[in-house]
Amino acid sequence: MTEYNRETGFLTLTLDRLHDFHRSADHLPEEAPSIEFYVEKLKNFGYEVANVSDDKMDVEAPEHEIFELLSGQHIYL
């Protein structure tokens, strides 16, 4: 699930949705990453992350930017 709040500019992403964005060749890496993996990656690329729980988080970015980051080669940097 994703939900974008236009007033705050934050996108709420579930861990399942993050895994969907991160898939390559229709599968995840051997071990599905935790939410902390995605929080760290997004922060390293300059995104503001808030309201982190075990299975969802808010990130200040549009959905297409997060999809491009997680589905591309940058995720492995």
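**Exposure and helix packing**

Mentor: D16 has 58% relative accessibility, so D16 counts as exposed (exposed is over 50% relative accessible area, buried under 20%, partly exposed in between, with a 1.4 Å probe and protein chains only). This is a predicted model, where local features need pLDDT of at least 70, side-chain atom pairs count only at pLDDT 80 or more, and totals for chains, interfaces and linings use all residues. Residues are numbered from 1 along each chain as its sequence is written, and side-chain values use heavy atoms, with hydrogens and water left out.

Trainee: Where is the place of D16?
Mentor: D16 lies in helix α1 (helices are DSSP runs of H or I, at least four residues, and strands are E runs of at least two, numbered from the N terminus).

Trainee: And which residues are buried in helix α2?
Mentor: In α2, residues 35–44, the buried ones are I35, Y38, V39, K41 and L42. They line one face of the helix, because they fall within an arc of 165° seen down the axis of α2 (the arc is that of the directions from the helix axis to the C-beta atoms).

Trainee: What does the face turned away from that buried side carry?
Mentor: That face of α2 carries the exposed residues E40 and N44.

Trainee: What covers the buried residues of α2?
Mentor: The cover includes α1 (15–22), β3 (49–50), β4 (56–60) and α3 (63–71), where contact means heavy atoms within 4.5 Å.

Trainee: New topic: which residues of α1 and α3 meet?
Mentor: R17, L18, F21 and H22 in α1 meet E63, I66, F67, L70 and S71 in α3.
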